[in-house]
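Subject: Structure handover

Hello,

Here is the structure I promised to pass on. Please open it next to this email and follow along.

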Amino acid sequence: MTSKKQIKTIKKRDQQVLTPVSLDDVQNKIVVLRGEPAILDRDVAMLYGVETREINQALKNNPNKFPVGYTYVLTNQEVAEMRSKILTSSLEATENEQVSPKFTKSHYNPTAFTEKGLYMMATILKSAQATQTTIAIIETFTKVRYLKRELVELHQETDKTQQSERLKRFGEV
């Protein structure tokens, strides 16, 4: 039999505050590493509303779901470059701009999740927050691919009128 105290605990757990994730939230977390867009484990955790260790534990517990190319651990050089970029961007930011959180030192180098790795993580994390986050991730990566395609077509366009129209559409997206 379930006690009143257990019921209260269950209700509190089920009534967690759902923080909506926007496309901008996801887009601001994307970094280009090794020539492709990726999101670092700490940012994946933030988007999904869990702790980084939970993301890394899910990765460790499901190695068959993350083949080579879905995730990778950053090298020391990549970590140093990330720190340098964040420091530079925070120095260049005006007081009205929002800068991503500080890239803190850790005993472990961060894990980067490629688009495929993010989709696979979505099969592991089950919650309303996870569903909303996954939708935002899918929409954002779709938008990134569309913009990339438009940019390539813009550079290939020789007709100035068509080029101007493509540039206008590109700016609207």
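Arg34 is partly exposed, because its relative accessibility is 47%. The cut-offs are these: buried means under 20% relative accessible area, exposed means over 50%, and partly exposed lies in between (1.4 Å probe, protein chains only). The model is predicted, so local features need pLDDT of at least 70 and side-chain atom pairs count only at pLDDT 80 or more, while totals for chains, interfaces and linings use all residues. Residues are numbered from 1 along each chain as its sequence is written, and side-chain values use heavy atoms, with hydrogens and water left out.

**Arg34 and its partner**

Arg34 belongs to the hairpin of β1 and β2, which has two residues between the strands. There Arg34 takes a positive phi near 55 degrees. Strands (E, at least two residues) and helices (H or I, at least four) are DSSP runs, numbered from the N terminus.

Which residue forms a salt bridge with Arg34? The partner is Glu78, and the closest N and O atoms are 2.8 Å apart. A salt bridge here is a side-chain nitrogen of Lys or Arg within 4 Å of a carboxyl oxygen of Asp or Glu. This pair links distant parts of the chain. Glu78 sits in helix α5 (residues 76-92), Arg34 in the loop between β1 and β2, and 44 residues separate them. Glu78 counts as buried because its relative accessible area is 13%.

**The other salt bridges**

Side chains of opposite charge can pair when their charged atoms come close. By the rule above, the count comes to four salt bridges. Two more of them are worth a look.

Glu115 and Arg145 meet through their side chains, at 2.5 Å from N to O. Glu115 lies in helix α6 and Arg145 in helix α7 (residues 128-156), so the pair ties together parts that are 30 residues apart in sequence. Glu115 is buried, with a relative accessible area of 19%. Arg145 is partly exposed, at 37%.

Asp43 and Arg42 also form a salt bridge, at 4.0 Å from N to O. Is Asp43 buried or exposed? Asp43 counts as buried, at 8% relative accessibility. Arg42 is partly exposed, with a relative accessible area of 23%.

**The sheet**

Now look at the strands. Four strands make an open sheet in the order β1-β2-β4-β3, with antiparallel pairing. β1 and β3 stand at the edges with a single partner strand each, so one side of each has no neighbour in the sheet. From one strand to the next, the twist averages 40 degrees. Angles run from 0 to 180 degrees between N-to-C directions, and axes are lines fitted to C-alpha atoms, for helices over the stretch in contact.

Strands of a sheet pair through backbone hydrogen bonds, either parallel or antiparallel. Two strands count as paired if DSSP finds at least two bridges between them.

- β1 (residues 30-33) and β2 (residues 36-40) are antiparallel and share four bridges. Val31 has Ala38 in β2 as its bridge partner. Leu33 has Glu36 in β2.
- β2 and β4 (residues 111-114) are antiparallel and share three bridges. Leu40 stands opposite Ala112 in β4. Ile39 stands opposite Phe113 in β4.

**Helices across the sheet**

Which strands does helix α3 lie across? Helix α3 (residues 41-48) lies across β2 and β4, at about 70 degrees to β2. Helix α6 (residues 115-122) lies across β2 and β4 too, at about 90 degrees to β4.

Leu33 lies in strand β1. Leu33 counts as buried because its relative accessibility is 6%. What does Leu33 contact, leaving aside its neighbours within four places in sequence? The list is Leu40, Tyr72, Leu74, Met82 and Ala112. Contact means heavy atoms within 4.5 Å. Leu33 and Ala112 are 79 residues apart in sequence, but 8.2 Å apart in space, C-alpha to C-alpha.

Thr71 is in strand β3 (residues 71-73). Thr71 is buried, with a relative accessible area of 15%. Not counting residues up to four places away in sequence, Thr71 touches Leu59, Phe66, Thr111, Ala112 and Phe113.

Best wishes
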